[in-house]
Amino acid sequence: MGKIVIEGGYPLEGTVRVSGAKNAVLPILAASLLAEEGVSQIEEVPRLLDVRVMADTVSALGAKLEWNGSSIRVDARRLLSVCPPAELVRKMRASFVVAGPLLARFGEAMVALPGGCNIGPRPVDLHIKGLEALGATAVVENGYVHFRAPRGGLHGARIYLDVPSVGATQNIMMAAVLAKGQTIIENAAKEPENVDLANYLNAMGARVRGAGTDVIRVEGVDRLHGATHAVIPDRIEAGTFLIASALIGRGVYVENALSHHLMPLIAKLEEAGAVIEDRVEGIKVWPCQGGRMRPLDVKTHYYPSFPTDLQAQMVAALTVAQGTSTVTETVFENRFMHVAELQRMGANIHIEGRTAVIEGVPRLTGARVTATDLRAGAALVIAGLLAEGQTEVYGLHHIDRGYDNLVGKFTQLGARLERIEGDAELQIAKSVG
Ligand code: UD1
């Protein structure tokens with residue numbers, strides 16, 4: 001069993017560069033399936049387990065992928081299947097977004113019901129309803145959803161999403177680009193990753209307007225071609241470094257972090273006492289006085305509010321705040337599994353419904369802890385960096401899903417941590433390549 005061993009208490013200093021956004025590159029790789037002509041070149045692709053799963057999914061459908069450093073060339077002119085391997089889709093919920101492109105291009109998609117992070121029930125009802133509104137039938141059978149377009153293909157529709165689901169917005173957008181007529185998605189997810197997807201689709205010849213607002217309009221076109229696209233920086237990775245640096249930094253420059261994607265986090269870090277300087281190509285952060293935040297009240301919500309994907313890291317930081325903080329999770333149920341692990345390190349937290357009440361303690365102490373999901377893993381690494389003594393973080397496959405070289409990047413900033421591989425992690429490292 002692999003682990004990250006952290007000697008806490010060493011300050012962070014210098015520059016760290018943020019990789020391309022996981023949550024942008026995943027739907028973009030799925031969208032590359034739409035190109036009947038030409039090839040796509042996707043740049044700034046992070047080396048992550050989730051990206052490998054999506055790349056394998058797209059390859060399994062017949063697309064030809066070539067990696068070259070942080071770029072992937074995708075040739076999807078000849079595809080062979082409309083049914084991605086179930087074992088890949090079950091590994092990662094985001095794989096479900098191949099349904100939209102396959103259905104749009106071939107009139108059929110058969111996709112297993114997805115898996116993903118262990119953070120409460122995450123249905124796909126809005127994906128299905130949205131694709132049905134475009135004229136598709138969806139039959140759920142034996143763990144698969146079988147989508148079929150009507151004779152004559154998908155048609156545009158007006159779709160209101162009950163919640164602004166990121167994945168459902170992507171799936172509908174990607175199906176609508178080849179549908180006849182206009183599609184209007186209301187209460188659409190406004191996340192920057194969806195804007196990046198829309199930009200890529202438009203570069204492929206699609207006509208998508210309004211991405212980044214809550215009304216997206218798609219005018220269907222007949223066919224799409226490959227395009228070159230550089231993925232936006234990962235705001236969650238950037239936020240993870242900003243949070244750690246606000247506590248144990250001595251002036252850290254987070255290069256390639258875009259402040260306009262991180263407004264709620266920056267506001268909260270400033271409220272906590274950190275000093276944030278927005279620079280042209282990144283964000284510089286100086287720590288809160290004495291390395292302890294002033295207490296905060298934080299509530300996660302859909303973009304542009306405070307992201308649920310930074311909730312766990314913020315809870316970790318607030319364990320050593322100078323008073324009582326609250327963190328309320330409104331997007332997912334059951335996303336406080338990191339709390340029990342933080343308690344093992346001396347944190348004083350109790351859960352009241354969807355709120356974590358965190359009484360700040362002067363310091364955490366090192367312990368053996370286990371990541372229960374991707375962002376919980378990052379939170380435990382932050383806690384280990386803050387803690388007195390040695391921390392061992394297990395469950396590395398979660399961290400590998402979404403952080404490109406987290407240990408290397410913190411080491412570069414002066415932290416003392418080391419990754420010790422177990423057999424499972426070695427297998428995973430080989431597959432990420
Ligand atoms: C995406 C992100 C994930 C992030 C989440 C919320 C990717 C690959 N993942 O996940 O990192 O934590 O957005 O910002 O981009 N819901 C339904 N029915 C549906 C779909 C969603 O009820 O059909 C609910 C979910 O249970 C959840 C909420 O809507 O409570 C938001 O989920 P959604 O935005 O779809 O998240 P994902 O796209 O899975």
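Me: Which residues does H398 touch, leaving aside those up to four places away in sequence?
Reply: Happy to start there, and please keep in mind that this is a predicted model. H398 sits in helix α13, which spans residues 396-402. Leaving out residues up to four places away in sequence, H398 touches A371, T372, D373 and L374.

Me: Is H398 buried or exposed?
Reply: Buried means under 20% relative accessible area. H398 therefore counts as buried, because its relative accessible area is 14%.

Me: With which side chain does the side chain of H398 make a polar contact?
Reply: This contact joins two side chains at 3.5 Å. The partner of H398 is H397.

Me: Where do the residues of the UniProt "binding site" annotation lie?
Reply: The annotation comes from an unreviewed UniProt entry and covers R93, R122, P123, V124, D125, L126, D309 and V331. Each of these residues, R93, R122, P123, V124, D125, L126, D309 and V331, belongs to the lining of the largest pocket.

Me: Is R122 buried, partly exposed or exposed?
Reply: R122 is found in the loop between β7 and α5. Buried means under 20% and exposed over 50%. At 29% relative accessibility, R122 is therefore partly exposed.

Note on methods
Residues numbered from 1 in each chain as written. Predicted model: local features only at pLDDT ≥ 70, side-chain atom pairs only at ≥ 80, totals over all residues. Heavy atoms only, no water. UniProt positions renumbered as here; feature names shortened; annotations may be inferred. 1 Å grid on protein atoms, 1.4 Å probe; cavity = no way out; pocket = protein on both sides within 12 Å on 5 of 7 lines; lining within 4 Å. Helix = DSSP H or I, 4+ residues; strand = E, 2+ residues; numbered from the N terminus. Buried < 20%, exposed > 50% of the residue type's maximum accessible area, 1.4 Å probe, protein only. Polar contact = N/O pair within 3.5 Å; in protein donor to acceptor, adjacent residues only side chain to side chain. Contact = heavy atoms within 4.5 Å.
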